[in-house]
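Subject: Two-chain model for you to look over

Dear colleague,

I am handing over the structure below, and I would be grateful if you would read it alongside the notes that follow.

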Amino acid sequence: MSSSSTWSLHRFANPGQFLRLSGAVLPYLTVGAVLLLAVGLGWGLFFVPADWQQGDAVRIMYIHVPAAWLASAGYTGLAVCSVMSLVWRHPLADLAAAEISPVGAGFTALCLATGSLWGKPMWGAWWVWDARLTSVLVLFFLYIGHVALVRAFDDPTRGYRAGAILALVGVVNLPVIKFSVDWWNTLHQQASISLTGAPTMALDMLWPLLISAIGYTLCFAAIVVARTRAAVMERRIRGLLMAKAASDTGA
Amino acid sequence: MTHLPFIVAAYALGLAIPAGYAIAAWQRVAGARRKLAAIDPRMSRP
């Protein structure tokens with residue numbers, strides 16, 4: 001990375017700068033998330049035609065697919081923060097990583113639960129040890145492991161380092177999730193949307209899916225930004241209390 | 001509507017889980033801001 005881009009990253013390591021910037025962005029993220037989720041989910045639930053094969057159960061897609069995308073995207077964000085933490089010792093990256101993993105775990109749990117609710121009427125089973133489902137379950141355990149590991153040390157810095165290493169080791173699971181439906185014969189269907197090809201889904205169904213996916217993405221971002229703001233303020237509080245205690249002891 | 005209980009359960013989770021995280025985050029920010037203001041009033045509006 002060039003020195004100018006490294007400089008710009010470290011500019012945002014300043015907690016005051018981060019609090020000002022995130023305070024300005026957060027209301028837009030929140031309002032955007034609420035509006036897009038209302039439109040996307042309302043459209044998907046009430047106005048999209050039922051699927052000829054799956055009936056109305058296809059409406060679960062408007063929750064399940066964005067949750068699945070965010071489970072992987074959130075882990076990618078966690079890995080990026082881990083690289084920034086290990087390579088550049090970026091202090092905000094440590095806090096952001098610690099705040100991404102619980103939210104990522106929640107969205108992965110949402111993906112697994114809605115997948116189960118979709119699978120029961122379609123496959124006749126709540127759960128199968130299919131490669132896609134199993135690799136997403138591994139992702140959930142990686143998130144939970146990160147949450148536990150970061151908080152397992154008395155010295156927070158050691159916890160952040162250990163968590164960053166775990167997160168980077170777990171990155172190997174992301175291509176397994178993505179390509180599991182191509183590499184193995186799975187009950188889970190193949191991707192209907194790709195960056196390179198035309199979608200195999202009717203536009204009537206695609207638009208609300210994209211809107212709800214953007215809405216959930218803004219929601220995820222708003223939650224992580226708010227949690228990171230809280231973590232920055234809590235660290236500042238601890239610093240002030242320790243400085244006060246030290247000055248009281250010195251007096 | 002076919003499969004109604006499954007759809008209702010999925011949408012309930014799809015709203016409840018993000019809403020739970022959002023409310024918890026909002027409460028945490030408000031609590032941290034209050035504590036910070038109590039310790040150092042100059043930092044009450046970061």
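Before the helix pairs are described, one convention is needed: an axis here is a line fitted to C-alpha atoms, taken for a helix over the stretch in contact, and the angle between two axes runs from 0 to 180 degrees between their N-to-C directions. Please also keep in mind throughout that this is a predicted model.

With that convention, helix α4 of chain A (residues 91–123) packs against helix α6 of chain A (residues 156–170) at an angle of about 65°, the axes being 10 Å apart, and the crossing of α4(A) and α6(A) is left-handed. On the α4(A) side the contact is made by A:Asp94, A:Ala97 and A:Ala98, and on the α6(A) side by A:Tyr160, A:Gly163, A:Ala164 and A:Ala167. Sorted by class, the residues of this contact of α4(A) with α6(A) are 5 nonpolar, 1 polar and 1 charged.

Helix α4(A) has a further partner in α5(A), where the two axes come within 9 Å and cross at roughly 150°. Since angles over 145 degrees count as roughly antiparallel, α4(A) and α5(A) are therefore described as roughly antiparallel to each other, and α4(A) passes α5(A) in a left-handed crossing. From α4(A), the residues that meet α5(A) include A:Ala98, A:Ser101, A:Pro102, A:Gly104 and A:Ala105, while those of α5(A) that meet α4(A) include A:Leu133, A:Val136, A:Leu137, A:Phe140 and A:Tyr143. The residues of the contact of α4(A) with α5(A) divide into 15 nonpolar, 5 polar and no charged.

The C-alpha trace of chain A spans about 75 × 35 × 35 Å along its principal axes. Of the 251 residues in chain A, 39% are buried, and of the 46 residues in chain B, 24% are buried. Among the contacts in chain A with a separation of 6 or more, 75% are accounted for by residues 24 or more positions apart.

The largest nonpolar core has 73 residues, of which A:Ile60, A:Ala67, A:Ala71, A:Ala97, A:Phe220, A:Ala222 and A:Ile223 touch the most other members. Two or more residues of this core come from each of α2, α3, α4, α5 (131–150), α6 and α8 of chain A, and also from α1 (4–39) of chain B; α8(A) gives the most, with 17 residues. As for A:Ala67, once its neighbours within four places in sequence are left aside, it is in contact with A:Phe107, A:Leu110, A:Cys111, A:Thr114 and A:Tyr216.

A:Gly77 is placed in helix α3 of chain A (residues 61–88) and is buried, because 21 other C-beta atoms lie within 10 Å and the cut-off for a buried residue is 20 or more. In sequence A:Gly77 and A:Ile211 are 134 residues apart, and in space they are 21 Å apart, C-alpha to C-alpha.

Most residues other than glycine have a negative phi. A:Arg89, although not a glycine, has a positive phi of about 50°; A:Arg89 is in the loop between α3 and α4 of chain A and is partly exposed, with 14 other C-beta atoms within 10 Å. B:His3, also not a glycine, has a positive phi of about 55°; B:His3 lies in the segment before α1 of chain B and counts as buried, with 21 C-beta neighbours inside 10 Å.

With best regards

Methods:
Residues are numbered from 1 along each chain as its sequence is written. Chains are lettered from A and ligands numbered from 1 in the order in which they are written. This is a predicted model: local features need pLDDT of at least 70, side-chain atom pairs count only at pLDDT 80 or more; totals for chains, interfaces and linings use all residues. Helices (H or I, at least four residues) and strands (E, at least two) are DSSP runs, numbered from the N terminus. A crossing is left-handed if the near helix is turned anticlockwise from the far one by less than a right angle, and right-handed if clockwise. Two residues are in contact if their C-beta atoms, placed from the backbone, lie within 7 Å. Ala, Val, Leu, Ile, Met, Phe, Trp, Tyr, Cys and Pro count as nonpolar, Asp, Glu, Lys and Arg as charged, and the others, Gly among them, as polar. A residue is buried if 20 or more other C-beta atoms lie within 10 Å of its own, exposed if 12 or fewer, and partly exposed in between; C-beta atoms are placed from the backbone. A nonpolar core is a set of buried Ala, Val, Leu, Ile, Met, Phe, Trp, Tyr and Cys residues joined through C-beta atoms within 7 Å. Angles under 35 degrees count as roughly parallel, over 145 as roughly antiparallel, 65 to 115 as roughly perpendicular and the rest as oblique.
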